[in-house]
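Here are a few exercises to work through with the coordinates open beside you. Try each task before you read its solution.

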Amino acid sequence: MIAPDDRTPGFGVYVHWPFCAAKCPYCDFNSHVRHQPVDQERFAAAFAAELATMRARTGPRTVTSIFLGGGTPSLMKPQTVSAVLDAIARHWTVPQGIEVTLEANPSSVEAERFRGYRAAGVNRVSLGVQALNDADLKFLGRLHNVGEALHAIGLAREIFPRLSFDLIYARPKQTPEAWEKELEEAIGHAADHLSLYQLTIEEGTPFHALHAAKKFAIPDGDHAADLYAITQEITAARGLPAYEVSNHARPGAESRHNLTYWRYGEYVGVGPGAHGRFVEGGRRVVTIAERMPETWANLVEARGHGIVDGELLSRSEEADEFLLMGLRLAEGIDLARYEALSGRTLASNRLSILQGEGLVAPVGNSRLRATPQGMIVLDAVVADLAR
């Protein structure tokens, strides 16, 4: 069993495995393809060294979640995963039953490897399925087909207590009817959690160049809004309501680690390109690691960490981030915590205008949330409140 959510922001540990078998054309994450085997023992040792440096900076903490992301962490050997989890447990208190998530791609799934991850301590898997038809999987550059995706989902449901998988919608020529059918099928396979993202064109990706050259088109704003509305309606009706803009879960199955981000908790980030945000000396610090895997490993071996950038956040910056993250959640934000971070209350005139427009709503006397209409234009809502 995974420990229940205690509603606190939490303290998470994020570990970034930067390697992939292939680079997807829509992806702007820090991922790298290597045509020779990766020296996993070297990277496991580097993770352990950087974790030790982070422990010296955070002091003793109790970890509430661990997330192995990427890249493609399911390319790691189970022994590598075990070594990383053991290193985390050496440096902080890791209670039994906390959520330990590993991202996996269906094309790299093997039953033996899944059982090895489970034995190492992983109790939740997040599968990058992305589509349930082969034509769109090929368009998205995925290495698996639908059959392999369903096989991976079945294995994960058999081996792990918790499972999530991702789908990308608002794909070229995707009709509301086609998305509704695909979403219903996905819910039929889902255990307790789905992450459903609209396709976005990120600068620097192959899709960005292809889209600019008009090689394909994605749904316009109104069409995308219709697909978003269908997503909310169907998932809610089927018992997986949105608890965050793009994430849906049966009550109690929400991602603890992602809730740490959205509730503006603290987290350590280790690995190439990883970001961290935690309180050090009474101030919230941001850490950013070197993105190139081999350069990062060289830095860690030379000085104990690969951090190359970061900053101290001001109170107003913390408050703005708290708004930006917290209003993504269906539960909204704690107004008293906003006031403690910012040193002021939200402007009553702006709140009144946004409430009148049906974009935000109070939750009792202590919280504020974005309405379904407000979620669609959330960036504008946050910008208005943060002025």
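Helices (H or I, at least four residues) and strands (E, at least two) are DSSP runs, numbered from the N terminus. This is a predicted model, in which local features need pLDDT of at least 70, side-chain atom pairs count only at pLDDT 80 or more, and totals for chains, interfaces and linings use all residues. Residues are numbered from 1 along each chain as its sequence is written, and side-chain values use heavy atoms, with hydrogens and water left out.

**Exercise 1.** Find which elements each supply at least two residues of the negative patch.

*Solution.* Start with the rules. Asp and Glu count as negative, Lys and Arg as positive, while His and the chain ends are not counted. Patch residues have over 30% relative accessible area and no salt bridge, and like charges are joined within 9 Å. A salt bridge is a side-chain nitrogen of Lys or Arg within 4 Å of a carboxyl oxygen of Asp or Glu. Charges are placed at CG of Asp or CD of Glu, and areas come from the Shrake-Rupley method with a 1.4 Å probe, counting only the protein chains shown as cover.

Next, list the members: Asp-309, Glu-311, Glu-317 and Asp-320 form a negatively charged surface patch. Glu-317, for one, sits in helix α11.

**Exercise 2.** Decide whether Glu-317 and Glu-290 are buried, partly exposed or exposed.

*Solution.* Buried means under 20% relative accessible area, exposed over 50%, and partly exposed in between. Glu-317 has 35%, so this residue is partly exposed. Glu-290 has 18%, so this one is buried. Glu-290 belongs to the loop between β13 (283–289) and α10 (293–303), and its C-alpha atom is 8.1 Å from that of Asp-309, 19 residues apart along the chain.

**Exercise 3.** Count the disulfides.

*Solution.* A disulfide is a pair of cysteine sulfur atoms within 2.5 Å. By this rule there are 0 disulfides. Cys-20 is in none, as the nearest cysteine sulfur, in Cys-27, lies 6.5 Å away. For Cys-27, the closest cysteine sulfur is that of Cys-24 at 6.3 Å, too far for a bond. Cys-20 is buried at 12%, and Cys-27 is buried at 15%.

Notes. Buried < 20%, exposed > 50% of the residue type's maximum accessible area, 1.4 Å probe, protein only. Patch = residues over 30% accessible without salt bridge, like charges linked within 9 Å, V, L, I, M, F, W, Y side chains within 5 Å.
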